[in-house]
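I opened the model and kept notes on what I looked up. The entries follow in the order I made them.

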Amino acid sequence: MSKMQELMARGTALLGSEYAILGGAMSWISERHLVSALSNAGAFGVIACGAMPPELLDKEIAATKAMTAKPFGVNLITMHPQLDELIDICGKHQVSHVVLAGGLPPTGSIDRIKGHGAKVLCFAPALALAKKLMRSGVDGIIIEGMEAGGHIGPVSTSVLAQEILPAIADDVPVFVAGGIATGEMIAAYLEMGAAGVQLGTAFVCATECIAHPAFKKMFLRGNARDAIASVQIDPRLPVIPVRALKNAGTDAFNTKQREVAQKLDEGTIDMGEAQLEIEHFWAGALRRAVIDGDVENGSVMAGQSVGMVKAEEPVADIVARLVREAEAALLR
Ligand SMILES: Cc1cc2nc3c(=O)[nH]c(=O)nc-3n(C[C@H](O)[C@H](O)[C@H](O)COP(=O)(O)O)c2cc1C
């Protein structure tokens, strides 16, 4: 057993995969093709349910199963109005792992998943919440820093890792996410006590990934500094930060916020209407970019590691490189 396999042992035991490398669920992107390719390559693919209704998730799980005999997971967003039905669809297919994202899971959902015999992984944005999740019986914790693509918290991966790993990594497998693009970085987090890692941005340009060619092209051209977190312009109008490549949509969003704030000042709309206008701005925007290829007005969610994505290549090659680099780093 290599040093890397030794350090990943608790992660691979939990996931049932060869490597404790999770392909982070990405809405519209992490569907049957990328997920099965990741699991077939020895990593662990996770379907992004996103806003899918139960019938579509049902189909996606069945289709993924037809493409891989290896274990994979399903990522569910806790705010989904049909969370219980989605959990039961996972149960119907005997999905082995469910990842809960987007805020603390509502009471009962962890037990409901475990009732189907599946393992539960949750995101912990801070140490106190990680401990609370452990008391609720989660099987694994993911910590994700603000370098990541998509919806992000305010703290960097390096700080979360230093704060959280020493405190809980002996008691529960912890997976580190956000800004990871090389095996050297994977080795470092494993040595700090992580049981595994989760990468999203690094897999977007995989050959098997169905993202539109224009979306991939933007990744291949993008640098770390182009992957910017959305900013809140008015204290009255909350904006959940999303990291994405800057484009015309990013500018339009800032203009929109200023316009809405002005309408509030003038009293032509009330606070509820104003907040809805801001919330709805990005509705459907990720789909527009990923599926339709409108990378100017859509949301090209990407992490800061995007600058290290240099070529379109098969998932198996990306995974093999990460493993090779991690093993070499641990030997040094
Ligand atoms: C385009 C895109 C879409 C994402 N969508 C989701 C999602 O639907 N649910 C989720 O839990 N995380 C989502 N994420 C976060 C990833 O699962 C993963 O944690 C993150 O990409 C890891 O950081 P990295 O991008 O620096 O590798 C998304 C990330 C990207 C880049």
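**Entry 1: domains.** I looked up the distance between the two domains and found their C-alpha centres 26 Å apart. The model is a predicted one. The domain assignment gives domain 1 as 3–209 + 308–331 and domain 2 as 213–304. I then checked the contacts: 19 residues of domain 1 touch 17 residues of domain 2. On the domain 1 side of this contact I noted eight nonpolar, eight polar and three charged residues.

**Entry 2: the barrel.** Next I followed the strands. Eight of them form a closed barrel with parallel pairing, in the order β1-β2-β3-β4-β5-β6-β8-β9. From one strand to the next, the twist averages 25°. I reminded myself that strands of a sheet pair through backbone hydrogen bonds, either parallel or antiparallel.

**Entry 3: strand β4.** Is β4 mostly covered or mostly open? I found it mostly covered, since five of its five residues (97–101) are buried. In a regular strand the side chains alternate between the two faces of the sheet.

I then looked at what pairs with β4. Strand β3 (residues 73–77) runs parallel to β4 and is joined to it by five bridges. Ile77 has Ala101 of β4 as its bridge partner. Between β3 and β4 the chain passes through helix α5 (residues 83–92), in a right-handed β-α-β crossover. With strand β5 (residues 119–123), β4 pairs in the parallel sense over four bridges. Leu100 stands opposite Cys122 in β5. Another right-handed β-α-β unit is made by β4, helix α6 (residues 109–115) and β5.

**Entry 4: Lys119.** I picked Lys119, which lies in β5. Why does Lys119 count as buried? It has 20 C-beta neighbours inside 10 Å, so it counts as buried, the cut-off being 20 or more. Leaving out residues up to four places away in sequence, Lys119 touches Leu14, Ser96, His97, Asp139 and Gly140. I also noted Gly137, which is 18 residues from Lys119 along the chain, with 9.7 Å between their C-alpha atoms.

**Entry 5: two positive phi values.** I looked up Trp28 and Gln94. Trp28 is not a glycine, yet its phi is positive, about 70°. It sits in the loop between β1 (21–23) and α3 (32–40). Gln94, also a residue other than glycine, has a positive phi near 55°, and it is found in the loop between α5 and β4. Which of these is buried and which is exposed? Trp28 is buried, because 20 other C-beta atoms lie within 10 Å of its own. Gln94 is exposed, because 11 other C-beta atoms lie within 10 Å, and the cut-off for exposed is 12 or fewer.

**Entry 6: helix α9.** Last I went to α9 (residues 183–191), where the buried residues are Gly183, Met185, Ile186, Ala187, Tyr189 and Leu190. These pack against α1 (3–7), α8 (157–168), β8, β9 (196–199) and α14 (315–331). An α-helix has 3.6 residues a turn, so residues three or four places apart point the same way. After α9 comes Gly193, with a positive phi near 115°.

Notes: Residues numbered from 1 in each chain as written. Predicted model: local features only at pLDDT ≥ 70, side-chain atom pairs only at ≥ 80, totals over all residues. Pairing = 2+ DSSP bridges. Axes fitted to C-alpha atoms, helices over the stretch in contact; angles between N-to-C directions. Domains from an automatic or database assignment. Contact = placed C-beta atoms within 7 Å. Nonpolar A, V, L, I, M, F, W, Y, C, P; charged D, E, K, R; others polar. Right-handed = clockwise from strand over helix to strand, strands pointing away.
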